[in-house]
Amino acid sequence: MKDAIAFAFLGLGAGSFFALMATGLVVAYKGSGVINFAHGSVAMYAAFTFNYLRIDGRLRLPWVDILPTHQVNLPVQITISSGGKVNVWLAVLLALAMSALLGVGMHYLVFRPLRNAAPLGKVIGAIGVMLYLQGVALVNFGSENPQPKSILLPDTLFKNFLGFGKPMPGENLGLFIMAVLVGAVLWFNYKYTRFGLATRAAAGNEKGAVLLGYSPERLALFNWIIAAMTAGLAGVFVGSITGALTPTKFTTLIVPALGAALIGSLSSVPIAIAGGVGIGMIQTVTSTWMTGKSWFPDWLQSGATDAIPLVIIVLTLFLRGKSLPIRGNIEERRLPLSPYPKRIGWHVAILVPLGVVLAYGLPGDFVFAGLSGKWSFAFMTSLIAAMLMLSYVLLAGYVGQISMVQLSIAGVSAFFMARMSANGVPSPQDPFAVSGPGLPWPIGATLGIIVAIAVGVLLGIPALRIRGVQLAVVTIAAAVALQTLYFDNSKLTNLMAGSNAAVPPPTFFGVDVGSTGPRGLTDSPKFVTFCVIVLAAMCVIVSNLRRGSTGRRFLAVRANERAAASAGIDVARTKLLAFGIASGLAGVAGVMTAFQQQQISSSNWVYFAGLIALAFAYLGGITSVAGALIGGMLTGSGLISVFGSHQSSGLHTYTPLIGGVGMILTAIIHPSGQAMLFQPLLQYFGRWLKAARVPEWLVVARRLGPYVVLGLALGAIGINPWRTDEWSRPWMMLVGVLLVLFVRSIVVRIRSGGHEPSSDSPAEVSA
Amino acid sequence: MARLLDIDGVSTGYNGVSVVRDLTMHVDEGEVVTLLGPNGAGKTTTLLTVSGLVPLMAGKIEVFGRSVEGRRPHRIAREGLAHVPEGRALFYQLTVGENLRLGAGKGSLDIKRALSYFPALEPLMGRRAGLLSGGEQQMLAMARALTVNPRLLLVDEMSLGLAPIIVERLLPILRRIANESGAGVLLVEQHVHMALEVADRAYVLSHGELVLEGPADQLAKDRSLIESSYLGAE
């Protein structure tokens, strides 16, 4: 027992970090009603800022140089000290100022425009911020990952702390004191100052606050600054405790912090501090002391630490039952409409052959030889991502349940199938074969999907009482716990964490439809066809669900649970059904991923990738099947992203950044996603094209022709002074044309008085 | 007497659909004016437009001689406009004392003055606003509005959900406020006769249009006038 207490003190450092992070989450929630999933990234950026100031004396600004020219550059860094190192405390101050700046930016650019958005929109906004900051860090801080040094009491080591016989670094104590001090100051602030009072007032009733002369937006701004600065403090001072800095640092550590913040209902700073410290201590005791005991279950050894926040979060939310204080008077917009799927048969009849043509090419090879190599792999990735996104569409788009665990559920099915089809016989390709019953793939895959459904329904149970963003928190915690409890747990998978398990290729009546193509690359057209057919079947199933009575029940639950219940719908059953079906869809995606990769490892299913998958599903259009398809094409290392990096070799470093900005913009400007943006446009131009004859084309040519020529000329002239990279030359003319047409359309719109349709709309031309 | 509120030819509504059309009215210093009308007449919308929460569609509104158009609602409030909205907009999680402190500019003095009108609140200072009864909540909403030392007080349906006997006690307090502080009061009310008893002048809206206006005592005498305006008879 004495040992346990000594180990608990060792957890003080991590605990104080959680406590500080939790405080920031509470402050942001008080100020704006947003659960800030990007909080860890703010801490990361501040930590990088601090450490680089200490390394080379330069302050990196939170944006990148996007101008496509080397003559004019956006400033991305300020040299504070040309001689290198900056004084520690000056660096701390600058890092805190940087986090304050991030807070201002988050308020004005993201969460203020999103203040009336549906909860899912805010979640996507936060994920966008997280991706953006990680992307900026990736570009501005390069690939070097400094090991932070301790600032507080760096050289102190208590040899026998409080007489418990174990040494403790002084840093732990310093962090603890800081967390308590920050907590005390903030507690006093929200309890007694007018600003704190007004913040609480505006959280309760915005209209009342406005009518008393307070600006809720101003209050939200200052709260964002405070929240970002606590994240900065945590990131800068946590120092040596958490290892080398990387752009994805702290994103997982947000889960225990969320747990701590939730214990205090996201409104009490002291409880958040106590909870954070407590979670840190319990985790350390579990990982260092309890797991060494003989009574501790063997299979839980590796995952116990990460399961603790999940248990705490589920218990607090489930037992409390009553939800978090919701901001009063905010008029929350609903999720976008979910369109009624039409002409399913036609879509299948056109899209499936299109997919097959992309796989095999057209006969004769000289027109189109079919995708191969990286293109084929990207197409497979897109198709499988679309399968996963269908699961988000059903769960988040149709039933309104924000689940971030779907990718992990896909992982469960893949891992289970891999284990079931393994036979433990080592081969040259697979020297460390996993032991298993060696079942044929159809049985293994079915079992995997069944287990995925079981896990999904189990994780759906909290959703019966936990709603909205809180469910998102639960599912994030579940994803992190699944990662360590299952994927990284060699006791269950018989795999070293991080190593690969082989997946035998699927066959149909002796025909190998595995992903290895004739040239030994992962580009088999047979597998692409297999993917196309599976995806088509899944799309048809989801569309039909949406059209039938189940879909109506789903949408009723999404709109209003009480109203749905009063109309005779069993809400609990409907939700669990949705979780079950969605997990089945995710399970299929997992199985297909395993087939595509031919081997799986835990790194395929990190929770962070699940967040991004949800965000891309949202980008595509979370409420429709078409949205899932578009989301799949947009996804990282999918078809569009590979096309982009093929055109521009340096683009892949900017992918997270572009993705983040895209998500924020989509959430603000077009919450129904790209599918709903393009569909009307396509229909419109389709109709015009069908009706257009030579005279109509002539009118368009006469009207737009000069501008096209001008654009071509500008593009051609513009090549030399602008970007000189090889890849961009052929595109500059096209860019010139697009730019000129864009400017023209704006001018026309302004002249015609804003909301009037511009005069060159094809409908009027043809009329 | 200074003109506190001047509404001139105003149309207002939501999402481009007008609810109130071509309304002209005013409130002077020390005056209690009541705005009457059946449900859906546009009374609440008018008040919301005055305090800047609903944008103006046409016409002009001047509060204390300055146009409200394009100004943020909290800025208008800071000039001395207090609005007790429908639903009271209390901060339920805060105590009565904290609710009052939020409005008070010069601290305890304003709170004391506000409490002098509503002495029943004094023993409740430490209680959370959400735990008060309906009548107490209404008193708190009014007291909170008074802590800002308003020059113009807008009161929307303070009788909503309250027993008539409580309304009878609350309405004369508005009269006292106007007399003692010189503030103007614009009162929206369903209890027509109680409102006319305390008011100086009255306006009657119906379907978004001003159908009747005049001194309160005159309208109180001639019941048929108001009745016909409510029923829409010509």
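Predicted model: local features only at pLDDT ≥ 70, side-chain atom pairs only at ≥ 80, totals over all residues.
Let's start with the layout of chain A. There are three domains here: domain 1 covers 2-320, domain 2 covers 359-679, and domain 3 covers 692-766. Take the first two. Over C-alpha atoms, the centres of domain 1 and domain 2 of chain A are 31 Å apart.

How many residues are in contact between these two domains? Domain 1 of chain A brings 42, and domain 2 of chain A brings 39. Look at the domain 1 side. H5(A) has the largest share, with 16 residues. What about residue classes? That side of domain 1 of chain A has 28 nonpolar residues, 12 polar and two charged.

Now the contact between the chains. Chain A gives 15 residues and chain B gives 19. On the chain A side, helix H7 (194-204) and helix H8 (206-211) each supply two or more. H7(A) gives the most, five residues. By class, the chain A side has eight nonpolar, five polar and two charged residues.

One residue to look at inside chain A: Gln596(A). You'll find Gln596(A) in helix H22, residues 571-597 of chain A. Is Gln596(A) buried or exposed? Buried, because 22 other C-beta atoms lie within 10 Å, and the cut-off for buried is 20 or more. Who are the partners? Leaving out residues up to four places away in sequence, Gln596(A) touches Met380(A), Ile384(A), Ser515(A) and Thr522(A). Take Thr522(A). Thr522(A) is 74 residues from Gln596(A) along the chain, yet their C-alpha atoms are separated by 7.5 Å.

Last stop, chain B. Six strands make an open sheet with mixed pairing. The order is S6-S7-S8-S3-S9-S10. Which strands stand at the edges? Strand S6 (81-84) and strand S10 (209-215) of chain B. Each has a single partner strand, so one side of each has no neighbour in the sheet. From one strand to the next, the twist averages 15°.

S6(B) pairs with strand S7 (residues 152-156) of chain B, in the parallel sense, over four bridges. One pair to find on screen: Leu81(B) has Leu152(B) in S7(B) as its bridge partner.

Then there is a helix lying across strands of this sheet. Helix H1 (residues 43-50) of chain B lies across strand S3 (32-36), S6, S7, strand S8 (184-188) and strand S9 (201-206) of chain B. H1 of chain B runs at about 150° to S7(B).

Note on methods. Residues numbered from 1 in each chain as written. Chains lettered and ligands numbered in written order. Domains from an automatic or database assignment. Contact = placed C-beta atoms within 7 Å. Nonpolar A, V, L, I, M, F, W, Y, C, P; charged D, E, K, R; others polar. Buried ≥ 20, exposed ≤ 12 C-beta atoms within 10 Å, placed from the backbone. Pairing = 2+ DSSP bridges. Axes fitted to C-alpha atoms, helices over the stretch in contact; angles between N-to-C directions.
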